[in-house]
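Subject: Structure for you to look at

Dear colleague,

Here is the structure I said I would pass on. My notes on it follow below.

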Amino acid sequence: MAFDSERIEKAVREILIAIGEDPDREGLKDTPKRVAKLYEEILSGYNDSPENHLVLFTEKYDEMIIVKDIPFYSMCEHHMLPFFGKAHVAYIPDNSKVTGLSKLARIVDVYAKRFQLQERMTEQIADAVMAKLNAKGVMVVVEAQHLCMIMRGVKKPGSYTVTSAVKGIMREEPTRMEALFLLKGRS
């Protein structure tokens, strides 16, 4: 996807004018350029793919692997405001391949750095891990605070939204309960 900084700068300048600001005053004259640079950074997931990060290693292991408390920052596509929180990713490999632990955090970043819905992001992470690792099962739990709920509308600071995506054998008991227990606890 091509990123058009000049077009974003023009749009931000128009927003400033539309709200009654002077885009040429000292504090605002470089704001359009700063916002364009900001968007290029925080929406960089459009130019990235999980395939760029999922390095596989041959390893005979078929027990659960969990990386939890992965911080992320994303942008709500409905209001263009941030939502942020933690993602937890658990998977059971196919007994022949695993990925580097940091790669799971990178997959979270790939999907978080786009205009998103939390529900979609949760599913995208789970689907990518399941498909790319040929995992036996995957569970992704995402906990987030949404500024569109905190600073506008219902104005409910401290509220969290929790979503989950569960695939493969992680849907079965007792594997599902084991994953939830390990995700909840602090080891």
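A residue is called buried here when its relative accessible area is under 20%, exposed when it is over 50%, and partly exposed in between (1.4 Å probe, protein chains only). By that rule, 39% of the 187 residues in the chain are buried.

Two remarks on where the values come from. This is a predicted model, in which local features need pLDDT of at least 70 and side-chain atom pairs count only at pLDDT 80 or more, while totals for chains, interfaces and linings use all residues. Residues are numbered from 1 along each chain as its sequence is written, and side-chain values use heavy atoms, with hydrogens and water left out.

Overall layout

The chain has six helices and seven strands, taken as DSSP runs numbered from the N terminus (helices H or I, at least four residues; strands E, at least two). Along the sequence they come in the pattern α-α-β-β-β-β-α-β-α-β-α-β-α. Along the principal axes, the C-alpha atoms fill a box of roughly 60 × 35 × 25 Å. Of the contacts (heavy atoms within 4.5 Å) with a separation of 6 or more, 70% are between residues 24 or more positions apart.

Helix H1

H1 covers residues 5–18, 14 residues in total, and reaches 20 Å from its first C-alpha to its last. That is close to the 20 Å expected at 1.5 Å a residue, where the expected span is 1.5 Å times one less than the number of residues.

After H1 comes Gly 20, with a positive phi near 95°. Asp 22 is in the loop between H1 and H2 and is partly exposed, at a relative accessible area of 39%. From Asp 22 to Gly 100 there are 78 residues in sequence and 50 Å in space, C-alpha to C-alpha.

The two domains

An automatic or database domain assignment supplies the bounds: domain 1 is 5–46 and domain 2 is 52–184. Their C-alpha centres lie 32 Å apart. Seven residues from domain 1 and six residues from domain 2 take part in the contact. Between them the domains bury about 620 Å², 62% of it on carbon and sulfur atoms; buried area is the accessible area (1.4 Å probe) that two parts lose on being put together, summed over both. Within domain 1, Leu 43, Gly 45 and Tyr 46 lose the most area to domain 2, together 59% of what that side buries. The count of salt bridges between the domains is zero, a salt bridge being a side-chain nitrogen of Lys or Arg within 4 Å of a carboxyl oxygen of Asp or Glu.

Met 170

Met 170 is in the loop between strand E7 (161–168) and helix H6 (175–184). Met 170 counts as buried because its relative accessibility is 0%. Leaving out residues up to four places away in sequence, Met 170 touches residues including Met 64, Tyr 91, Ile 92, Val 138, Met 139 and Arg 176. Met 170 and Pro 50 are 120 residues apart in sequence and 21 Å apart in space, C-alpha to C-alpha.

Regards
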